[in-house]
Amino acid sequence: MHTDLSPVIAATAQWLLRAYPASGGALADALCEAQARQAVTVAARLRYPTPMDVALLGVAGPGGSARLDWITGADGATSADPDADAWRTWVDEVLASWAACLLTDPALAGPAVVALAEGGPSAGTPVEFRRLLAPDEADRRAAALLRHPDLVAPVASLHHAQLVARLDPGQALVA
């Protein structure tokens, strides 16, 4: 069992990159990947904040990409080699949804990184997540599809309410 979230972060970021690819060459691919990884990392640290949460994820598993593939229409695009798609079992649907929310809504990304910073010195700093929080023009061009609110809406809307609730735990319940 892994003691960190790196396999889930890597697989979920890979799924986002395949679903919403960069355009413009190798540099654009790298910039898009950096943004996806930063968003998924923030989402993962929010979703699984303690070692116990990470251990439970290791026992239960992240769930895989089947529903996400179906929503985006990529469910029939699997490889003939079953081992080539094994990474898809490490995709976490909630993390993909939260990352899509963070990439398309700066009003959520800022508070999400602040929530991490409040979690302790190893939680992360805004500088670490610069490409997520303050993308420059090259970042925006590289991740045009990944940051397009209308294109990622089907994925982002899956668990948007949970992310909002996680970022505002003091919110009063309305009956």
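Along the sequence, the protein reads α-α-α-α-α-α-α-α-α-α. That comes to ten helices and zero strands, where helices (H or I, at least four residues) and strands (E, at least two) are DSSP runs numbered from the N terminus.

This is a predicted model, so to speak for its limits: local features need pLDDT of at least 70, side-chain atom pairs count only at pLDDT 80 or more, and totals for chains, interfaces and linings use all residues. Residues are numbered from 1 along each chain as its sequence is written, and side-chain values use heavy atoms, with hydrogens and water left out.

Of the 175 residues, 39% count as buried, meaning under 20% relative accessible area with a 1.4 Å probe, protein chains only. Cysteine 32, at 0% relative accessibility, is buried, and cysteine 101 is buried at 3%. The structure has zero disulfides, a disulfide being a pair of cysteine sulfur atoms within 2.5 Å.

Now the helix pair. The axes of helix 2 (residues 26-47) and helix 6 (residues 106-117) come within 10 Å and cross at roughly 55 degrees. Axes are lines fitted to C-alpha atoms over the stretch in contact, with angles from 0 to 180 degrees between N-to-C directions.

Which residues make the contact (heavy atoms within 4.5 Å)? Helix 2 supplies Val42, Arg45 and Leu46, and helix 6 supplies Ala112, Val113, Ala115 and Leu116.

Terms used
Contact = heavy atoms within 4.5 Å. Buried < 20%, exposed > 50% of the residue type's maximum accessible area, 1.4 Å probe, protein only.
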